[in-house]
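The following note sets out numbered points for a colleague who will examine the coordinates alongside the text. Each point takes up one topic and may be read on its own.

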Amino acid sequence: MVFTPDIVILIFAAQFIAYTIKGLIGFGNPLISSPILAMRLDNVVITPGMLFADCPINAYIAWKNRKAFQWRKILPLLIANMLGAIPGTLLLRFSLPWIIKTLLGVVVVVLGLEMATRSLRPVRRGRERPWTRLAVAFFSGICAGLFGINMFLTAYLQRSAKDYQEFKGSICFLFVGENFFRFAVYAISGLINRQVALFGLVSLLAAVTAMVVAERLAPHIREEKLQKGAIVLFLLGGVSIIVKSILFHT
């Protein structure tokens with residue numbers, strides 16, 4: 001695949017929008033950028049390429065929140081999450097692109113619906129369900145390896161954490177640990193190549209620019225309205241990629 005100017009503009013624009021949302025609400029960037037980018041690119045480029053931006057940004061966020069880490073709770077989840085990333089990587093490498101894109105659309109729609117209906121379900125914070133957490137972490141790792149989306153574990157922890165500080169500290173550490181592990185797995189699997197590196201460099205530039213913009217916008221935007229708008233984008237992006245991949249097998 002040749003990185004023509006229109007492809008570069010698409011990558012930059014999609015990542016800029018996605019990381020602006022991440023800078024404002026703290027998560028959700030792959031749910032926005034992946035469906036947009038999958039219209040023109042294959043996930044074998046998108047998923048590993050996103051780590052060039054995710055690794056440094058999540059490491060910075062994790063460092064800022066390092067005092068909130070709860071090692072005994074987080075390490076088992078991180079290990080299960082990383083183990084799930086291995087079969088996810090194998091699926092990414094050997095599956096047909098249109099099948100991956102269809103599954104991506106389904107995952108995005110499911111997560112968008114979960115977020116949209118979250119307020120309708122009772123929240124049971126602080127209940128320890130070790131095997132449930134590990135199973136969710138493993139499945140979320142598969143989705144991370146395949147799509148770069150680790151939101152199933154994010155959604156679970158957001159509902160089960162005792163408070164926001166626990167959630168924020170947990171998810172920051174999980175993201176950075178999983179990101180660097182997945183980068184190593186992709187490199188060993190031969191998925192890090194010239195195209196992925198070019199995609200990553202454009203994404204990193206867009207992400208840095210977006211985080212600066214997000215810091216300036218944050219005081220002027222209500223987070224609740226922004227989250228609702230992001231959910232709409234998740235659902236529209238997921239549905240569009242499902243329709244395109246099934247109809248045209250691309």
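1. Composition of the cavity lining. In this predicted model, the residues that line the largest cavity divide into 5 nonpolar, 6 polar and 4 charged. The lining comprises 15 residues in total, and those nearest the centre of the cavity are Asn29, Pro30, Asp54, Gly148 and Phe175. The elements that give two or more residues to this lining are helix H2 (29–37), helix H3 (43–64) and H8. The largest share, 4 residues, comes from H8.

2. Number and volume of cavities. How many cavities of 30 Å³ or more does a search of the whole structure find? The search finds 2. The volume of the largest cavity is about 140 Å³.

3. Overall architecture. The chain contains 10 helices and 0 strands, and its pattern along the sequence is α-α-α-α-α-α-α-α-α-α. Of its 250 residues, 50% count as buried. Among contacts with a separation of 6 or more, 84% are accounted for by residues 24 or more positions apart.

4. Helix H2. Is this helix largely enclosed or largely open? Helix H2 is largely enclosed by the rest of the structure, because 8 of its 9 residues are buried. The buried residues in H2 are Asn29, Pro30, Leu31, Ile32, Ser33, Ser34, Pro35 and Leu37. Two of these names return elsewhere: Asn29 and Pro30 are among the residues nearest the centre of the largest cavity, while Leu37 is one of the residues that touch the most other members of the largest nonpolar core.

5. Asparagine 179. This residue is found in helix H8 (residues 164–188). With a relative accessible area of 3%, asparagine 179 lies under the 20% cut-off and is therefore buried. Its side chain makes a polar contact of 2.7 Å with the side chain of asparagine 58. Apart from residues up to four places away in sequence, asparagine 179 touches Leu51, Asp54, Cys55 and Asn58. Of these, Asp54 is also listed among the residues nearest the centre of the largest cavity.

6. The nonpolar cores. The largest nonpolar core has 31 residues, and those touching the most other members are Ile11, Leu37, Leu41, Ile46, Phe147, Ile149 and Phe199. At least two residues of this core are supplied by each of helix H1 (5–25), H2, H3, helix H5 (97–116), helix H6 (130–147), helix H9 (194–217) and helix H10 (223–248). H5 provides the largest share, 6 residues. A second, separate core of 14 residues includes Leu78, Met82, Ala137 and Phe175.

7. Isoleucine 11 and phenylalanine 3. Neighbours within four places in sequence aside, isoleucine 11 is in contact with Phe3, Leu37, Leu41, Phe199, Val202 and Ser203. Phenylalanine 3 itself is placed in the segment before H1. Is phenylalanine 3 buried or exposed? Its relative accessibility is 18%, so phenylalanine 3 counts as buried under the 20% cut-off. Excluding residues up to four places away in sequence, phenylalanine 3 touches Val8, Ile11, Gln195, Leu198 and Phe199. The C-alpha atoms of phenylalanine 3 and phenylalanine 199 are separated by 8.5 Å, although the two residues are 196 residues apart along the chain.

8. Phenylalanine 152. This residue lies in helix H7 (residues 151–160). Leaving out residues up to four places away in sequence, phenylalanine 152 touches Val107, Val110, Leu111, Val136, Phe139, Ser140 and Cys143.

9. Proline 87. This residue is found in helix H4 (residues 71–94). Proline 87 is classed as partly exposed because its relative accessible area, 29%, falls between the 20% and 50% cut-offs. Neighbours within four places in sequence aside, proline 87 is in contact with Phe138 and Ile142. Proline 87 and phenylalanine 138 are 51 residues apart along the chain, and their C-alpha atoms are separated by 10.0 Å.

How values were computed. Residues numbered from 1 in each chain as written. Predicted model: local features only at pLDDT ≥ 70, side-chain atom pairs only at ≥ 80, totals over all residues. Heavy atoms only, no water. Buried < 20%, exposed > 50% of the residue type's maximum accessible area, 1.4 Å probe, protein only. Polar contact = N/O pair within 3.5 Å; in protein donor to acceptor, adjacent residues only side chain to side chain. Contact = heavy atoms within 4.5 Å. 1 Å grid on protein atoms, 1.4 Å probe; cavity = no way out; pocket = protein on both sides within 12 Å on 5 of 7 lines; lining within 4 Å. Points joined across faces, edges and corners; volume = space filled by probe spheres on them. Nonpolar A, V, L, I, M, F, W, Y, C, P; charged D, E, K, R; others polar. Core = buried A, V, L, I, M, F, W, Y, C linked by side-chain atoms within 4.5 Å.
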